Amino acid sequence: MPVETVAFVGMRSDRLAEMTRLFRDVIGIPVTGQSADTTRFRLGDGTMLEIYGPADAFHSFFTTGPVVGFSVGDFDATRAAMLAAGVEFIGAVQHIDGVSWQHFRCPDGTVSEIIGPGTAPANP
């Protein structure tokens, strides 16, 4: 399945408040959610931008720079093809409202993800 667009960009930063101010106040990207450890934005084309502070343990594997989520038309088929090719996935498939996503390691170790319409995992 071909990649359709970039759907997600995630970054870790030990300067979360300053990063939030940059993207919100200087660049003008609307905040869609915020907690003590995360700020979520949505770009004009629908792309999600999320910045994680150092206390966000769930995204501790974001160590190679920005993590890009590639939008695909069929998550399940794309993931199956990637597994058959020996791609290393990280963690479990995540799924909400008919959309699935999962992070993976590129051959050089860079972390990316695929995201798109998919089937909810049998054992979430």
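Q: Which residues does serine 100 touch, not counting residues up to four places away in sequence?
A: This is a predicted model. In it, serine 100 touches Phe75, Val93, Gln94, His95, Ile114, Ile115, Gly116, Gly118 and Thr119.

Q: Where is serine 100 placed?
A: Serine 100 is in strand 7, which covers residues 99–105.

Q: Is serine 100 buried or exposed?
A: Serine 100 is buried, because its relative accessible area is 0% and the cut-off for buried is under 20%.

Q: What does the side chain of serine 100 make a polar contact with?
A: The partner is the side chain of histidine 95, at 2.6 Å.

Q: How many residues of strand 7 are buried?
A: 5 of the 7, so strand 7 is largely enclosed by the rest of the structure.

Q: How does strand 6 pair with strand 7, parallel or antiparallel?
A: Antiparallel, over 6 bridges. Phenylalanine 89 stands opposite phenylalanine 104 in strand 7.

Q: And how many residues are between the strands in that hairpin of strand 6 and strand 7?
A: There are 2 residues between the strands. Aspartate 97 lies in that loop between strand 6 and strand 7, and its phi is near 50 degrees, a positive value in a residue other than glycine.

Q: Is aspartate 97 buried or exposed?
A: Aspartate 97 is exposed, because its relative accessible area is 74% and exposed means over 50%.

Q: Other side of strand 7 now. How many bridges does strand 7 have with strand 8?
A: Strand 7 and strand 8 pair over 7 bridges, in the antiparallel sense. Tryptophan 101 stands opposite isoleucine 115 in strand 8.

Q: What is in the turn of the hairpin formed by strand 7 and strand 8?
A: That hairpin has 5 residues between its strands, and glycine 109 in the turn has a positive phi of about 95 degrees. Aspartate 108 also lies in the loop between strand 7 and strand 8. Aspartate 108 counts as exposed, at 63% relative accessibility.

Q: How many residues apart along the chain are aspartate 108 and threonine 64?
A: They are 44 residues apart along the chain, and their C-alpha atoms are separated by 9.8 Å.

Q: What about serine 112, buried or exposed?
A: Serine 112 is buried, with a relative accessible area of 6%. Its place is in strand 8. Not counting residues up to four places away in sequence, serine 112 touches Val67, Val68, Phe70, Gln102, His103, Phe104 and Cys106.

Q: Change of topic. How much space lies in the largest pocket?
A: About 380 Å³. There are 17 lining residues, and the closest to the pocket centre are Met48, Glu50, Gln94, Ile96 and Trp101.

Q: Which strands each supply at least two residues of that lining?
A: Strand 3 (38–42), strand 4 (48–52), strand 6 (88–96), strand 7 and strand 8 (111–117).

Q: How do the lining residues divide into nonpolar, polar and charged?
A: The lining of the largest pocket has 8 nonpolar, 4 polar and 5 charged residues.

Q: Back to pairing. Which way do strand 3 and strand 4 run, parallel or antiparallel?
A: Strand 3 and strand 4 run antiparallel and are joined by 5 bridges. Threonine 38 stands opposite tyrosine 52 in strand 4, and the bridge partner of arginine 42 is methionine 48. The two strands form a hairpin with 5 residues between them, and glycine 46 in the turn has a positive phi of about 100 degrees.

Q: How many residues of strand 4 are buried?
A: 4 of the 5, so strand 4 is largely enclosed by the rest of the structure.

Q: Which way do strand 1 and strand 4 run, parallel or antiparallel?
A: Parallel: 5 bridges join strand 1 (residues 3–12) to strand 4. Glycine 10 stands opposite glutamate 50 in strand 4. Glutamate 50 is also among the residues closest to the centre of the largest pocket.

Q: Last one: how many bridges are there between strand 2 and strand 3?
A: Strand 2 (residues 31–34) pairs with strand 3 over 3 bridges, in the antiparallel sense. Glutamine 34 stands opposite threonine 39 in strand 3. Strand 2 and strand 3 form a hairpin with 3 residues between them.

Notes: Residues numbered from 1 in each chain as written. Predicted model: local features only at pLDDT ≥ 70, side-chain atom pairs only at ≥ 80, totals over all residues. Heavy atoms only, no water. Buried < 20%, exposed > 50% of the residue type's maximum accessible area, 1.4 Å probe, protein only. Polar contact = N/O pair within 3.5 Å; in protein donor to acceptor, adjacent residues only side chain to side chain. Contact = heavy atoms within 4.5 Å. 1 Å grid on protein atoms, 1.4 Å probe; cavity = no way out; pocket = protein on both sides within 12 Å on 5 of 7 lines; lining within 4 Å. Points joined across faces, edges and corners; volume = space filled by probe spheres on them. Nonpolar A, V, L, I, M, F, W, Y, C, P; charged D, E, K, R; others polar. Pairing = 2+ DSSP bridges.
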